[in-house]
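Dear colleague,

I am passing on the structure we spoke about, with some notes on what was found in it. Please keep it open beside the text as you read.

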Amino acid sequence: MWISFYHNIIINNVFSTFFLSCQSQAEVSVVEPVKVGAEQMEEYLPLLQGRRVALLANHTAMVGDKHLVDTLLAANINVVGILSPEHGFRGGADAGEHVANSTDEKTGIPIWSLYDGRTQRPADKVMQAFDLLVVDMQDVGLRFYTYYITMLRMIDACADFDRKVIVLDRPNPNGMYVDGP
């Protein structure tokens, strides 16, 4: 009888502890939404004011439901040019398709292609047209993917021309998947 009594107390304590533990875990596991770099404007807008800004971006550079270029223009930032990677600035070109320089129809800002088939780096004239480069492209977590490589090449070009670079980070959309050598 005493064994049964103590057994019930121990079992009840274990279940109570387990229940409370699970309850506190559930309370702790509430995750706040990720605030991507582009949304943290209070951190980087002061660095852009009074400068000629170029944007290395594509269709993934969103701040809420607006594109980053539109957000920067609304904040009176002097965006002088857009550098576009593979697939173009608005994401309409096929993989591997060469993209020519153009003008963004929505904003009238010149688009300097980094995927025109001739060079993977802007001309000196383009590099001299801006003071600071803002990079915002969602990547897919692959070391060989063109967006990552394009960003590295632009950082090298900016170093050669003494240009500042701000990279607005975004989480890997495939962050839960790891594979490969």
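This is a predicted model: local features need pLDDT of at least 70, side-chain atom pairs count only at pLDDT 80 or more; totals for chains, interfaces and linings use all residues.

Residues are numbered from 1 along each chain as its sequence is written, and side-chain values use heavy atoms, with hydrogens and water left out.

In helix α2, residues 41-48, the side made up of Met41, Tyr44, Leu45 and Leu48 is buried (under 20% relative accessible area, with exposed meaning over 50% and partly exposed in between, for a 1.4 Å probe and protein chains only). Seen down the axis of α2, these buried residues fall within an arc of 110°, so they line one face of the helix; the arc is taken from the directions from the helix axis to the C-beta atoms. Glu42, Glu43 and Pro46, on the other side of α2, are exposed. Helices (H or I, at least four residues) and strands (E, at least two) are DSSP runs, numbered from the N terminus.

His67, which lies in strand β3 (residues 66-67), counts as buried because its relative accessibility is 4%. Its side chain reaches the backbone oxygen of Asn58 at 2.8 Å, and a polar atom of the His67 side chain lies 3.1 Å from the backbone nitrogen of Val69.

Leu152, found in helix α5, counts as partly exposed because its relative accessibility is 34%.

Terms used
A polar contact is a pair of N or O atoms within 3.5 Å; within protein, one must be able to donate a hydrogen and the other to accept it, and residues adjacent in sequence count only if both atoms are side-chain atoms.
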